[in-house]
Number of protein chains: 2
Amino acid sequence: MSVPKSKKIEVSLEQLRKVFTANEHPKSTLRKIDQAITENLHGFLGDTIVTSDYSLEKIEGQLKDFQIPNEPILVSEQSDFLLKNIVKNSVHTAAPSFVGHMTSSIPYFMLPISRLMIALNQNLVKIETSKAFTPLEKQVIAMIHHLIYNKENSYYKNHMHSPLRALGLMCSGGTVANITALWVARNKLLTPKENFDGVERDGILQGCQAHGFKDLVIIGSELAHYSISKCAGVLGIGRKNIKKIPCGRDGKMLIPFLKESIEECKKQNLGIIGVVGLAGATEIGSVDNLTEISEICQENKIHFHVDAAWGGPTMFSKKHAKQLAGIELADSVTIDCHKQLYTPMGAGICLFKDPADSHEIRTTANYIIREGSRDLGKFSLEGSRPGMAILIHSALKILGHKGYEMLIDHGIELTKFFAQKINESEDFEVISNPQLNIMTYRWLPKKLRHYKGKKKVPTEHHEALNRITIAIQKRQRDHGKSFVSRTTLNYGELQNTTVFRVVLANPLTTKEILSNILKEQRKLGKQIMDA
Amino acid sequence: MSVPKSKKIEVSLEQLRKVFTANEHPKSTLRKIDQAITENLHGFLGDTIVTSDYSLEKIEGQLKDFQIPNEPILVSEQSDFLLKNIVKNSVHTAAPSFVGHMTSSIPYFMLPISRLMIALNQNLVKIETSKAFTPLEKQVIAMIHHLIYNKENSYYKNHMHSPLRALGLMCSGGTVANITALWVARNKLLTPKENFDGVERDGILQGCQAHGFKDLVIIGSELAHYSISKCAGVLGIGRKNIKKIPCGRDGKMLIPFLKESIEECKKQNLGIIGVVGLAGATEIGSVDNLTEISEICQENKIHFHVDAAWGGPTMFSKKHAKQLAGIELADSVTIDCHKQLYTPMGAGICLFKDPADSHEIRTTANYIIREGSRDLGKFSLEGSRPGMAILIHSALKILGHKGYEMLIDHGIELTKFFAQKINESEDFEVISNPQLNIMTYRWLPKKLRHYKGKKKVPTEHHEALNRITIAIQKRQRDHGKSFVSRTTLNYGELQNTTVFRVVLANPLTTKEILSNILKEQRKLGKQIMDA
């Protein structure tokens, strides 16, 4: 179905008003364009090609005007342009063979319900522009809080809709959630005392002076997401002041090193903002020993934050939730809804064990978010925010706990299947064993099989393996039929080790698709070796 | 049209896969539900009621489950629930009589194009999950940059698609844009020097020591948005370290006080992060003398940031752009697209005069946002981000410069009309004259008319006027037919002055609607006086 041509917009107030008015007539041109876009979209999404081979440079060439056109163009002209140039050259992140990043197909009902969200255009910063969406968001946060913390009924009854505090804060994504958590942690450490009003009001310089700290640090796994580095930067702590704790071969923080680091910081009089543990490291999917870390933090009165942006929803699974044991002891937890809750971009949540923690970052103003109001903007880093809660609410209800459990179990099972297939192969080697549904592996051809699982591979061979793994990944990506990502691992004994990385959360991904991906990689690897 | 009943989802992988697959058949139940939602939505948006009179407490009562249901519910059941309980009790922010906050109706084409955005679900953090959307976003930023800075052609040709630097950064909204700007400014002030790697890497404590500052401050108008306070908090500067410059009766920063403050800070050895000027103060719409402020900042080598979240698009207007003269001299500018560019929530932009400024906050990682890549995540505060650029691009093209100009001119004209109407009335008084399209006024009945425009109103009367203004605003809001916001002004000679506040940017708002709003307020005022 091609996009029907709309009429030229004369620039008059009357015409503009028509553009701003919902057109209810099913035969109106705008409704027809709407339908045409839906049709074409389905055509695009039905395709299994991950991305077109049209080069980025060529696309840039089509997007080089920097002046806003003086005359309006037709809706149909713009729709045509978007379908032909942008949609066609996007990445089909929902494709079942796109297994390289944390994307997936999303449930179909997200489309009509997103339309509700966009059309209602609520602003969650304040009740006056959101009304029912505010308690809806609070309910969603309570539901996810319950999934992670599983507190008693009275806890939720008391806090869920309270205007005084928040069980958690919704934001645009995991990075802002991590910033929020460590912002709270920083403010709790540099708390008010005599002649000091707290770091939020008086700043870091006075805070360190008042508390007698030589400097501030964040302690976290060497596998922590790069956003932790951003947090240290933006919060005024400094990226170099992250104490990175080495991990074992399994990607878990080594507890003795953590203890040592805490002792060393105390000895040096460094204020510890918090310890960041991982529930699903971005690169390899590993989960830290959360219970042990939490005990150490409690002993030392340190804020314990868990970055569960990826792994949090594993809590749905009876079988696998135990990997996250101890997460309920964390002071704060980051969850990304646009990852394994399968909502569209961008929705993250920062949960608090103690809802009073939200007070650490409270703001009020005269015209909104007044004292005592239910306005969500009182506690959030962001101001105006969309009603993403309606999408999360719908997903939680329509898929249900059982549906999510099945999705989680399927992803982990598929990852284990793929790891086994690689272990049985003659030209690949698993580098990080799947704990959740992320796994890394690399090229290891027949003649170098004797290095399989070995710590030390002679530099010359090691570099050749890196090179070929990179070349295979690039060629496969450029073919555009499937996508596996790559990274270079540097943790524990692994240094400078380039690997393929798969993230298996798309329910449409099958064992057959994975087998074909490996087959193509094998073919490419042989071509590269022969060249 | 009622929502057709969908079939129960059996929790099986096969069923789940169906839910995750776009259903192309026009007669499928999901497509029918989609249509029903669209119909009902139009019904809602066609309504002129601003919000239902259903109480928040009652809505909370319907949203009290904190457990994610075990069994999935039907798509139709959820859709029904949302339409009856959430949509019906939302705020009709697009209503032409909703003139209290910075919301408006949005162009109808936002709905089909949002569907493209949601379905494609690109992640702008990296090329590998966004491809064509990355240059599209860069083009949008260049277009808005050109609107504000109007640099020469070669500037845009060199920088627009450069992988090395950014003309600006897109983010979830004005607050994050302001944080980004002041984050850059902080890092530029506490720049690397001998034995100091810069504040981003070494933190604020070492930064102040290395640069010999006694503390850090941000200087800004006393009318600055409350997000500037958040910025000072989150960036580690401290909310108390904002030097608030008094404004005149017109809401413009008083230049002598600004100069004095800078001198005082220098004398006290306080590091000045930046000066924040306003182009459209949230409360009253005033615009600072940007040229003068910029000259002072240049003389003193201070970063000059302009918060034009609201007022930026005034640049479209030949008639009114002059009010913003000097904005092109600012080092950074905040623009909100979900305000006067009429896109849905949430899209903001932080623009840089010098694209090299983006380097101050650069991050890289091994698996994405590698050195030299075009990945937008290298510079942004946020990580994963949606493809909002497609909506802004479409609006800029379909409305065109001319269309936006007409919208801006209409809003300002309407505001002037309303101010005049109030000035001619016998029971209201304009408090802040419209500069852009925001205006404040208050109740001032006949027997107190002799205080019109007077600086000093006896406390007893002043408080009575505040009380009645609040009561009128609340009653009108609760009637739900129109919405005017209220705030309490504290700037210049105005202290503790409660006012009605109107923001007139919705092209569907007419003079007649405004006259009716005033009529209702007059009636309510008399009722309250008589009671």
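Predicted model: local features only at pLDDT ≥ 70, side-chain atom pairs only at ≥ 80, totals over all residues.
**View 1. The bridge partner of B:D307 in strand β6 of chain B is B:T334.**

**View 2. The open sheet of chain B has seven strands and mixed pairing.** Read across the sheet, the strand order is β1-β7-β6-β5-β4-β2-β3, which places β5 and β6 of chain B side by side within the sheet. The edges are formed by β1 (168–171) and β3 (242–245) of chain B, each of which pairs on one side only. On average, and with direction ignored, neighbouring strands of this sheet are turned by 20 degrees against each other.

**View 3. Chain A contains an open sheet of four strands with antiparallel pairing.** The strands follow one another in the order β8-β9-β11-β10. At the edges stand β8 (428–432) and β10 (485–491) of chain A, and because each has a single partner strand, one side of each is left without a neighbour in the sheet. From one strand to the next, the twist averages 45 degrees.

**View 4. Strands β8 and β9 of chain A pair in the antiparallel sense.** Four bridges connect β8 of chain A with strand β9 (residues 438–443) of chain A. Within this pairing, A:V430 has A:Y441 in β9 of chain A as its bridge partner.

**View 5. Chain A is divided into three domains.** Domain 1 covers residues 1–87, domain 2 covers residues 172–370 and domain 3 covers residues 400–530 of chain A. The centres of domain 1 and domain 2 of chain A, taken over C-alpha atoms, are separated by 43 Å.

**View 6. Chains A and B are superposed by a rotation of 180 degrees.** This rotation brings chain A onto chain B with 0.0 Å of shift along its axis and an RMSD of 0.0 Å. The two copies are therefore related as by a two-fold rotation axis.

**View 7. The contact between the chains takes 146 residues from chain A and 146 residues from chain B.** On the side of chain A that touches chain B, helix α13 (residues 389–424) of chain A supplies the largest share, with 13 residues. The residues on this side of chain A divide into 71 nonpolar, 52 polar and 23 charged. Since 100% of the interface residues of chain A are also interface residues in chain B, the copies meet through the same surface.

Key: Residues numbered from 1 in each chain as written. Chains lettered and ligands numbered in written order. Pairing = 2+ DSSP bridges. Helix = DSSP H or I, 4+ residues; strand = E, 2+ residues; numbered from the N terminus. Axes fitted to C-alpha atoms, helices over the stretch in contact; angles between N-to-C directions. Domains from an automatic or database assignment. Least-squares fit on C-alpha atoms with pLDDT ≥ 70 in both. Contact = placed C-beta atoms within 7 Å. Nonpolar A, V, L, I, M, F, W, Y, C, P; charged D, E, K, R; others polar.
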